[in-house]
Amino acid sequence: MQTKSTDPKVFRRAVGPENVSTEESELEHFRTAGLSSRGEPAAVVRPQGTAQLREVILLARETATNLVFTSSAPPRFRGDTVPAGEGIIVDLSGMDRILRIDRRNKVAYIEPGVTFNNLIERADEAGLKVLMPLLPRKSKSVLACFLEREPIIIPKYHWDMTDPLLCTEMVFGSGDLFRTGTAGSPGGIDRQLKAGLAHKNPLGPGATDFLRIVQGSQGTLAGVTWATIKLEAKPTVHKIYFACDDRLERLVAFTYRALRPRLGDEWLILGARSLATIIAESPGSIDELARRQAPWTLVYGVSGYRYYPEERLAVQENELARIAQAVGVRPVPEVPSCPAKKMEEILAGPSPYPYYKTVPRGAFADVAFLTTLDKAGAMVEVMSTACDAHGYPPSELGIYIQPIQQGRTAHVEFTVYYDPADEADRARACELVEAASWELDEAGAFFSRPYGSLSRIAFRNCPDSVEALRKVKQVMDPDNVLNRGKLCFGEEVV
Amino acid sequence: MSLEDYRRDIEGCSRCSSCKWVPYNQIKSWRFSKNCPSIYRHNFHTYSGSGRMVIGLSLMEGRAELDETVAEMIFRCQLCGACDSACKTYRDDIDISEVLLELRSYCVESGELLVEHMAVIDSLKREGNSLGELKTARGDWARGLDVKDVNSETCDVLFHAGCRYSYDPDARETVRGDIQLLRSAGLDIGVAGVEEACCGGRAYELGYRGEASNYADDVLNRVKSSGAGTLVTACSDCYSHFQYIYPKIGKELPVEVLHVSQVMDRLIDNGRLDFKHELPLSVTYHDPCHLGRKGEPFTGVWTGDKLDRPMSLKRSGRKGIYDAPRNLLYAMPGVELVEMERIREYAWCCGAGGGVLEAFPDFSASTTVERIEEALATGAEALVTACPWCLRVFKDAVDQTSADLEVYDLADLALISAGVAQPASV
Amino acid sequence: MISDEAYKELEEAVGVDNVSRHPAVLDSYAFQPFENHESMPWCPRPVAVALPSTTQEVSEVIKACNRHNLKHKAFSTGWGLWCGPTTDDVVQIDLRRMNRIVEIDEKNMFAVIEPYVCGAQLQAEAMKVGLNTHIIGAGPNCSPLASATSMHGVGHDSIYMSYSARNVLGLEWVMPTGEVTRLGAPGSGKGWFCGDGPGPSLRGTMRGYTGALGGMGVFTRVALKLYNWPGPPEIESTGTVVDVMSEVPDCLRIFGCFFPDKDRLADAYYDIGEAEIGYNCLKVATPAFMMILAPHLFKKLKGTENLRRLLGGTLGQMFLIILAGISREDLDHQVDVLKAIVDEHLGFVLDAKNIPTLGSNLAMNFIRATMPALVFRIGGSFSTALGRNDSLDTQLAWGEAIAEIKRGYAKKEMIIDDMGDNPYFVPYENNTWAHCEVVYPYDHRSEKHLAGSSAINMDFIINAIESCMEPMFGVVPSARKVLSPLTSNFNRWQRKLSEALDPDQTSDKGFYTDEAEFDFTNVPPERVERLQKLVEDLTWTELGPPE
Ligand SMILES: Cc1cc2nc3c(=O)[nH]c(=O)nc-3n(C[C@H](O)[C@H](O)[C@@H](O)COP(=O)(O)OP(=O)(O)OC[C@H]3O[C@@H](n4cnc5c(N)ncnc54)[C@H](O)[C@@H]3O)c2cc1C
Ligand code: SF4
Ligand code: SF4
C-alpha cells in the first residue's frame, strides 16, 4: 500500500485535540536519527491508554495512515522511530505509570513511558534490582528497550531472548487487543491478581507466542501498552572486579568457564575506547583514559544474597580466582581512573544525559549483532580491517561484548564515533558502517535486530523467514499501517 | 493360556516405548541405547514389544486380520525378552514375552506358518533335532569320550548337549571339553548320545506347542530313568526351556537344572576346579538372552491382578544367570573382562533366537553385526559367550565382516585355563 | 483409505520399506491409550505411516500428502493421544529414523538434535562433556525436540534448566506446505546459537506456552540449550528404577525438606530461589511417592487412617531438592543456605547422605527423571489437572484446590484413591515461577472410572477458569473452544496464523486449532451451568476482558 497524506486532525477523534501535535519542534525529533534517511512525520499523537491506542490504529486503518510508535523521549539514534516516508508518530511516552511492584514475585508492571530511572528507584525501595542493559539513555523506555531484545548485563538472568520481558498487553495492527503470557489468562488483571497470578510466565496463551513475534518487530506488528518485567533480588553484598588483558581470547576463555556454572553477576567485556568512554568524566579525558587502559577489560560482579552472603561471595571469588589463574587472567579491584565502586555505580543506572556514546564526538553509529564468544575475536579483526580501510583508527572504535543467554550467545557492539557537524566525518562513518556490516555478515555475524539499512543485509540471508514474516504481518497488520517499509516489510528487501 | 488371557496386559500398555530402550538409568551413550533388534531393523512401532501386543489386540478386536504379512510381523522377533525386562522396569502387570509366545501359537493354530519354520519342525519330527541333521549322528560328538551312557547306566549328573552342540562342528569340541573338565573335577556324568533329542523349546517358541510337549516328555522320561539329581546343559536355549517352558507346560523336571557355567563356578568355589593357566586376553562377555533374562525359572501363572503379584514371582529378567559366567572370567588368570554397554538383563540379542536365524537370515545377521560393533567398541580382543547359537552367528558375522575380534565359547576359555585343552584348540 | 497413486508417491519419498498401509501396522499407530478417555485405546487409524530419515524426505512426504488432499501428523516418540491422527485422512509421520545428535557444542552449551533422540541419550552424551540436558517429567524416553518445539516442557530439573520452550536456540522446520525453513541464526546460515530474529521472532509461530502438537508441519532439527553438569561423565547405576543403586557423585547432595504447612513451604521456596541454589527440585506428596514406588503396598495400606494422616498431613508438605556444587566449598555453602532456610521456616531436612540407600536410589531417578512411567502401575492409567504456570503461590493453591476436588471423586470410587494430594510441582528458573499439575490415577478399563474422569476434568476446567488460568490441557478441542474467548481469543489468532502458514490446512489441526463442543454426558447439570456462567461473565469484548 502506498503512503498517503493524511490529515492528522482525524486522530483528534481518538485522543482528543490536546494530544495531537503538529509542532515542528516535536516533529523534528522524528525526521532523522543517527545515520537513518529522512522521514516525514506529519504529527505526534499521544494516546492516553489502550482504548485510545486502539482507536488510533483503527483510524489509521480507515485512512491508510502509517503509524510509528515511540515510547522513549529523545534523543534517538537508530532510525526505527523515523517513518519511512510519511507517517504519524504515536508517542506512548506519556503512559508512564509503574502500575505495580510485586516484591515476593519480583516483578514490575509498567507502561511504555516508564524509564529506567523511575523503575530503578521504585524497585530499589522494594529491595529489588532492575536488570539493566549497559547504560541505557536516561529517557529510554524500559519496555521499548526490552521489546527490542536489548541485552542485559547479567547473563545468568538472561535465560532466553525474551528476558526480562514477561507478559504484555498489545494492540495489533488490526486494532485488536491481545494479552500475552499469563496476562492473557481468563479474567481481567484485577481478578487475576486476586487469584494470585504474578504474570511471570511469558509464554502463550495457547500454542502461539505473540510476545516473541512482536519482540524485535520495531513497531511493525503491534503497539504494547503495558508489560510485566522481571526484577531480581538486590544482593546483600556485591563487588565488582576487572580483568584486563591484551588478548581477548584469554578473557573469552575465562568467560566461558565462569558463565557455564553461572558464576558472577554482571559480566561484560569492553574495548579500551568503550571503557574510557564509560568512565570518563569529561570528553577531553577520553583519549588519554583509553590509552591507559588495557586493550580489553572484562568487568564482572559477584554477589552474596540474604543467606550467608559473605560465604557466597567468598565462594564466587575463590572459584573465579581459580579459573582466572587457570586461564592466565588476573582479577583486579580497579582499572586506571576507575575503582570498583565507581564501576558498580555506573552499571547500576542509566547513562548520564544525553548519552555516553555521543560524548566523544557528538554522534555515533553502532554495528551490533550476535555471534558466539569464540568468534568475537574474529569479528573484531574484520571490523578493525574495515576501519583501516576507511581511515578510521581502530583504536578509536568502541567495542562492547555482552554474553547473553547465559553465555551461549554473544552480543557484539562496535561503535563508530563521528562529528555530526562534519559532513565528511559523517559520510566516512556511514560508509564504514555500511561496508563493515557486509563484511561482518560474510564472517558470520547475525544481525538479529537490524535497524535501517542493515535490514537489507539481514533479510537477504533468510528468504524463507521473510516469506513467513510477511504472512505474519498480513495477519497482524492487514492494512500495513504499522511502521511501514521497515525490516523486511518494505519493497526493496529480498 | 491364550491371547485373550493376556488382554488386560495388552490393554494396560501405555505406549511409553520403554520396551525399545535399554532401561534409562543404564543408557550410557547414544550409540548403544536401543534394546529391541526388531524395531531397530524395521522401525515401525509394530515391530516393538508394544507394537506386537497391539497386533494382538487388533486381531482380537477384529480390526485387522491375520494374514501372511501379519504373521511375518509377529515372527520377525528374536523373542529375546529385552522388551519384557525393560517394560518390567515399570510395569508389574504386563508380560510381553508371554504375549509374544501366544501370538506365535495363534499364528500356528490359525495355519499362518512360515515355511522355514515348518522345515525346522519337520526336522524335529523326523530326526529329533532342529538343524536338519541325521538323528543317527546325534551322539557323534561324544564318541571316544570316557563318559557314561544313560541309556544303559545311571549317573549323578545328566549332561544334555543340545542340538547345536551336538552337530555344529565348531561347537562340538566345546562340549567334549566340558565333559572332560567336569569328569576331571570328579563329577559322575552321563550323556544320552544318539538317543538325546531336541529339548523342544524351539518348537514352543515357533508356536508348535504340541511338538514342544512331546519333546519335553522325552527329556522328562530320560531324566527320570537316568537317576540323575542334576541336569546340566551347555546350551543356553535348552537351559531356558528346562527352567521356564517345561514347568510352564506342566513338565517340570524333578532335578536341579544347571548351566555348565554354573557348575564350573561351583567347582571353583569348592576348590575342585582350578584355573591356573595364564590366558593373556582382554574379553567382553555377551549375555545370551536364554541364559540371562530368559534363564529365569518359571514361578507359576498369576491369575489375579498382577499388581498383587509378589516381586519374587515377577519375571524381571534380573534373576537370570549373569554372575556365574563372569565369575569364571574373573577367575581366569590373565583374562581381563571389559563390559559392553548393554549387559545382563538389558543385553542386546545375538540375533539367532526365536526362529529368526532360520526364517530371516538377513535380519538375524544385522542384529549380530550390531553386537559385534558393540563388542569392538570396548576395545576387547575377544567376544565370549556361553551359548552355541550366539557363538555360531558371532563367528559367521566376524568372518563376513572381517572384524578384528576373536569369538570364544566361555567353556573353551575355561578348558584352557584349567589345563584341559591346549590354547591352540581355541 | 489412501489411493494407490498417493501411496506410490510416499514410497518414492521414503523407500518402499519405510511406508505401510497394512491395517495391523496402522493399528499399532492408532493405539494411543494415554489421555484417551474412551473405553478402547484407539484414535482414528492413519491411512498410511511413513518413516522419513531426512528433512528432504519429510518435505517430500508432506508434499505428496498435499497433492492428494491428505493431512499429515508427525510425532517423535509418540506417547499420548495427541500424537495420533484426529481425522480419517491422515498420514502419520513417524520420525523414528531421524535420530541423530548432529552436534554438541560444548563451549557454547548447546546440542543440535533430530526428533528421535531421546532425553536419556542426549543426557548420556552431554554428561561426557560436562553438560546436561533438560529432561521433561514424562521421562527420558521422550524427545527433547518434541517437548521443546511441540508440547509443554516441564521437568524436575526446571529449577536449573528451565522450560523446554525456552531452551530453543534454532530450528529447522518443514512447513505444512513442504517448504523447509530455519529459524533464527541457522536460518541465516550463521550457526545454531540463537533462535530469534532477524527482526520479529518466528519462534513465536512455532509454539507458545504449549505447542501445536503436530498441527503445524514437522520440526526436523532443533538446537537446544545444554546446562552445566558438575558430575562425572557417567553415573554408574545398577538395577532398575524401584531398586536402582547409583553412586551419588560427590558434587551432589540430596535432601527431602518437610514443612509444617503450605505457607511455610512456599516461603522456603521463594527464599531458595533468591539464594539461587538447587539443581533439581520437585514437590511430590509423600503418599504419591509411596503409591508410585510400591503400589501393591499402597493398595493394602491406604485404608489406614493414621498412615493417611502421617503421609498426607505431617509429611505432606515436602519437596525434594538436589544441590549440585562445582566445588566442595560451593556445595557446602549451598547446604548451609538450604538448612538455614528450612530452619527459618520451621521445617526439617532429611539428608540422603545419612540414608545412603535412599540417596543412591534417588540420584539417577531424579537426574534422569526415570520414575514417571511407574505411575501407570496402580490403575493402568492416569490423568492430570494441568494448571497454567505462574507464580509459586498460585501453583501451590492450584495443587490444593485440585486435591480437594479429587478427594470427592475418590470417595465415590470414580477414580483411584491416592490419598488426595498428588501434585507434580516444579519451580522454574531459580523458583521465579512454577508449574503444578495434579495427577489422579484411574483404570481406563473401568466404565465407572471413565465416567469419573470426564466429570472431574470438567471440574478442573471450571476451577482453572475460576483461578484465572488457561490450563495446559486447553489443547483439547472442546476445552479450547471454551477457553479461547476468555483468553485473548487466542485460538482465533492461532488459527489465522495457521491459515497463513498452512493455507490448505494440511497438518492435522485436531490438537492445535480445531474446536469442538463439550460432551456433558457425565457432568452434573449444575457444573454445566457454572461453566456457562463463567463463560458468559468472562468472554472478551473488543476492549479486552470484562474487569
Ligand atoms: C505419561 C506422560 C507424562 C507426561 N509428563 C509430562 C511432563 O512431566 N512434562 C511435560 O512437559 N510434558 C509431559 N507430558 C507431555 C509431553 O510433553 C509429551 O508427551 C511430549 O512432548 C513428550 O515428547 P515425545 O517424544 O513423547 O513427543 P511425541 O509424543 O512424539 O509428540 C508430542 C506432540 O508433539 C508433536 N510432535 C512431536 N514431534 C514433532 C515434530 N518433530 N514435528 C512436529 N510435531 C511433532 C506430536 O504430534 C505430538 O502432538 C507427558 C506425557 C505423558 C504421556
Ligand atoms: S514398555 Fe510396556 S507399557 Fe511401555 S510401550 Fe512397551 S509394552 Fe507398553
Ligand atoms: S523379544 Fe526382542 S526382538 Fe522381540 S520385540 Fe522383544 S525386544 Fe524386540
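**Notebook: loops, ligand shells and a helix pair**

I began with Pro198(C), whose place is in the loop between strand S9 (180-183) and helix H7 (203-206) of chain C; helices (H or I, at least four residues) and strands (E, at least two) are DSSP runs, numbered from the N terminus. I noted that the peptide bond leading from Gly197(C) into Pro198(C) is cis, with omega near 0°.

For the record, I am working on a predicted model, in which local features need pLDDT of at least 70 and side-chain atom pairs count only at pLDDT 80 or more, while totals for chains, interfaces and linings use all residues. Residues are numbered from 1 along each chain as its sequence is written, chains are lettered from A and ligands numbered from 1 in the order in which they are written, and side-chain values use heavy atoms, with hydrogens and water left out.

I then looked at chain A for backbone features. A cis peptide bond joins Asp163(A) to Pro164(A), with omega about 0°, and Pro164(A) lies in the loop between helix H5 (142-147) and strand S8 (165-172) of that chain. Gln405(A), although not a glycine, has a positive phi of about 45°, and I found Gln405(A) in the loop between strand S18 (398-404) and strand S19 (409-418) of chain A.

Next I turned to ligand 1, which is surrounded by 33 residues, the closest being Ala74(C), Ser76(C), Thr77(C), Ser143(C) and Gly153(C); a residue is counted if one of its heavy atoms lies within 4 Å of the ligand. An oxygen atom of ligand 1 is 2.5 Å from a polar backbone atom of Ala74(C), and one is 2.7 Å from a polar backbone atom of Ser143(C). The protein covers 97% of the 920 Å² of accessible area that ligand 1 has on its own, by the Shrake-Rupley method with a 1.4 Å probe.

Finally I listed the shell of ligand 2, which includes Cys13(B), Cys16(B), Cys19(B), Cys87(B) and Arg15(B). The shell divides into seven nonpolar, four polar and one charged residues, where Ala, Val, Leu, Ile, Met, Phe, Trp, Tyr, Cys and Pro count as nonpolar, Asp, Glu, Lys and Arg as charged, and the others, Gly among them, as polar.

Terms used. A polar contact is a pair of N or O atoms within 3.5 Å; within protein, one must be able to donate a hydrogen and the other to accept it, and residues adjacent in sequence count only if both atoms are side-chain atoms.
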